[in-house]
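Here is a short briefing on one structure. Look it over first, then read the notes grouped by topic.

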Amino acid sequence: MKRVLFVLMLIIAAAFLAACGGGGEEASGPEPVSFTVTGDDAFVYDPASLSVATGAEVTLTFKNIGGLDHNWILVTEDTDVLTVTDANAYAGITAGMTTGGTEKTFTFTAPEPGTYKYVCTVAGHAAGGMVGTLTVTE
Ligand SMILES: [Cu+2]
């Protein structure tokens, strides 16, 4: 009888260890992502929409393929893009002013889930259509 109990305890212990060891493959968070967005003198961002999981580390390259200055700043969805300045960048997420033919690469952590906009703050550019959408998912 004692032996049966001992074997039973061994089986329970083995099952317990197996259950605990199984968690090793679990991801620790969302995968990091890299985006390249171009901006041009027709006031077009390409792509004009991006999607990323909240908490993901984002490496963004903003490539100014025009001749004018352009930039890429993140703002909340309800921001009036016609009056926005670099100082309004959500959580300081901005490429900064980027001269024609140059690019800037920077990283940020994807914010809380929701819809955000990215916009060029050079006078007249957002009005001309230089606005994109960043969707942050759960
Ligand atoms: Cu611009």
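**An exposed glycine and a copper site**

Gly-67 is exposed, with a relative accessible area of 59%. The model is predicted.

**Gly-67**

- Gly-67 sits in the loop that runs between β4 (57-64) and β5 (73-76).
- Beyond residues up to four places away in sequence, Gly-67 touches Asp-41 and Gly-100.
- Gly-67 and Gly-101 are 34 residues apart in sequence, yet their C-alpha atoms are 6.4 Å apart in space.

**Copper donors**

- The copper ion has these protein donors: His-70 (ND1), Cys-120 (SG), His-125 (ND1) and Met-130 (SD).
- These donors lie 2.0 to 2.7 Å from the copper ion.
- Along the sequence, the spacing of the donor residues reads H-x49-C-x4-H-x4-M.
- Cys-120 and Met-130 both lie in the loop between β7 (114-119) and β8 (131-137), so this pair ties together parts that are 10 residues apart in sequence.

**Copper geometry**

- The 4 donor atoms subtend angles of 87 to 139 degrees around the copper ion.
- The arrangement is irregular because a tetrahedral assignment needs all angles between 85 and 135 degrees, and the angles here reach 139 degrees.
- For four tetrahedral donors, the ideal angle at a metal is 109.5 degrees.

- Cys-120 is buried, at a relative accessible area of 1%.
- Met-130 is buried too, at 0%.
- The cut-off for buried is under 20% relative accessible area, and for exposed over 50%. Gly-67, at 59%, is therefore exposed.

Technical notes. Residues numbered from 1 in each chain as written. Predicted model: local features only at pLDDT ≥ 70, side-chain atom pairs only at ≥ 80, totals over all residues. Heavy atoms only, no water. Donors = N, O, S within 2.8 Å, 3.2 Å for Na, K, Ca; no water. Tetrahedral: all angles 85-135°; square planar, octahedral: opposite > 155°, others 65-115°. Helix = DSSP H or I, 4+ residues; strand = E, 2+ residues; numbered from the N terminus. Buried < 20%, exposed > 50% of the residue type's maximum accessible area, 1.4 Å probe, protein only. Contact = heavy atoms within 4.5 Å.
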